[in-house]
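Q: Could you take me through this structure one feature at a time, giving the general idea before the case at hand?

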Amino acid sequence: MLTKLSVRQLIAVAFAAIYALVFYLGYQHAAYYLLLIPVLPLQAVYIHNIRQPKHSILRNYPLVGYLRYFFESIRPEIRQYFFESDLDGKPFSRRQRSIVYQRAKNVRQTVPFGMQANSQENGFEWIAHSMFPVHIKEEDLRVTVGSRRCKQPYSASIYNISAMSYGSLSKTAVTALSGGAKLDNFAHNTGEGGVSPFHIEGGGDLIWQIGTGYFGCRDAKGNFSETLFEEQVAHPNIKMVELKLSQGAKPGHGGILPAAKNTPEIAAIRKVVPHTTVASPPGHSAFNDQFTMLLFIEKLRILSKGKPVGIKLCIGNKQEFERLCQEMMHNQIFPDFITIDGAEGGTGAAPLEFTDSLGMPLYDSLAFTHAMLKKYNLRNEIKIMAAGKIITGVDIIKAISLGADMCYSARGMMFALGCIQALQCDSGKCPVGIATQEPSLYKGLDVSDKRVRVANFHRNTIKSTIEVMEACGFEGLRNITPDKIFRRVESGKTRSFEQLYFKTAQSGTIRPSEHQLILN
């Protein structure tokens, strides 16, 4: 008989039995009626769930159904702590996260017992080392950014902090990142949320990113303000300006600053009205095509007294970018640098379709961008920055081999701050106080300690890059070539990056600047 009863019926029978027992015992001693204290709330929940129409699980399983939601809520932690191997985990594996933690803490950075990756799997990549390693005297690797139109060129590290706004990140996280950049002499991109006091407090060199919302340099109608831009860009910590067209995680998608998050503090930084909802549209209002964008870039360069001005984009329509190159060549107006954000780049929150299906991956984008700039005789004027899952020295070398001059890292720097990849960035409940505005959480991030870890991570990553370059016989950054980097494409077949991304008129080793892109 019991096997034919539904779960709801069984629970109802259980409640009836409990009430009968309590009243029987309470008849003998009144204290037993206290047993109803936990029973009554449970019955209230039971009655509510069997009558509500929204959740089928709770309607059919009024009490035990909550276990499903509980286990789902801790699924990332269960997977990460108990089932994830060193090579599992997305978007970064445990092994990748561990190397960042080790370098940030300046502790042992070796691995025991040998390779864990399967070298016979399709997609496995490696670099050809040299029989005759070289010695690189420099302890830092830097690139000068600034075309002939630039009056204040900037000597940039090849590895910098990618764009992350205050508001998305906490004040302690931003201060620690900027402080780390100051300690080891590299740059920190502000993100499109504007230059906050916490960017300035850290003391690091800043790349001021300007997005479609023109935060920090907008008038009352949301349009670009020359006056506010000129006032802000004059700050000595701001070394370069980056005009954001799109980002890899959600190319062509705007954003919303909800009224609840638009505090007076954030409103003052972004030059908006507090407690109002503010939109960042998908496109810019200051220009509408390649030519007018170049004119705007030149305006920014003039207003900044000749500081380097660049653009950031995720490559999509190739014809649009080639048209941009044609306009640059024809008018001899160009940005000082172009940041290429691969489709694998991350963000705090993005629509699934945009994250998974829009935009060109980083390696393809770098090769295409480099070839187009070379084709139109612009390569010597414009530096290329690469962004998208670059956290090790080998990642940097691969990007440089395909045409990058410098690299960004966002999530790598977050790991250095203590990020545990809890995947709570869009909830405001980041457990380590990085992607949150809750004081009880971000106060747990100690700036004095974390800024040192950020500096350590940068320094040790540059050191690792140099060591790999020495082992491979690369005496300098220009000697890093794609013909020395290989990928297994199928069983028994490998291809170099040169074969995969470029073609050459003659065989032999050539510099990236001599490559012609495979456009098929």
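Q: In which helix is the place of Ser365?
A: Before reading any feature, note that this is a predicted model, in which local features need pLDDT of at least 70 and side-chain atom pairs count only at pLDDT 80 or more, while totals for chains, interfaces and linings use all residues. Residues are numbered from 1 along each chain as its sequence is written, and side-chain values use heavy atoms, with hydrogens and water left out. Helices (H or I, at least four residues) and strands (E, at least two) are DSSP runs numbered from the N terminus, and Ser365 has its place in helix α14, residues 362-375.

Q: Is Ser365 buried or exposed, and which residues is Ser365 in contact with, leaving aside its neighbours within four places in sequence?
A: Buried means under 20% relative accessible area, exposed over 50%, and partly exposed in between, with a 1.4 Å probe and protein chains only. Ser365 counts as buried because its relative accessibility is 0%. Contact means heavy atoms within 4.5 Å, and, with neighbours within four places in sequence left aside, Ser365 touches Ile315, Ile340 and Met360 in this sense.

Q: At what angle do helix α6 and helix α18 pack?
A: Axes are lines fitted to C-alpha atoms, for helices over the stretch in contact, and angles run from 0 to 180 degrees between N-to-C directions. Helix α6 (residues 94-105) packs with helix α18 (residues 447-472) at about 110 degrees, the axes being 6 Å apart. The pair is therefore roughly perpendicular, a term that covers 65 to 115 degrees. Val100, Arg103, Ala104 and Lys105 of α6 take part in the contact, and the residues from α18 include Phe457 and Asn460.

Q: What is the phi of Gln332, and where is Gln332 found?
A: Most residues other than glycine have a negative phi. In Gln332, phi is near 55 degrees, a positive value in a residue other than glycine; Gln332 belongs to the loop between α12 (318-331) and β11 (337-341), and counts as partly exposed because its relative accessibility is 29%.

Q: How many disulfides does the structure hold?
A: A disulfide is a pair of cysteine sulfur atoms within 2.5 Å, and the structure holds zero of them. The sulfur of Cys150 has its closest cysteine sulfur in Cys217, 19 Å away and so too far for a bond. For Cys407 the closest cysteine sulfur is in Cys472, at 16 Å, which is also too far for a bond. Cys150 is buried, with a relative accessible area of 10%, and Cys407 is buried at 0%.

Terms used: Angles under 35 degrees count as roughly parallel, over 145 as roughly antiparallel, 65 to 115 as roughly perpendicular and the rest as oblique.
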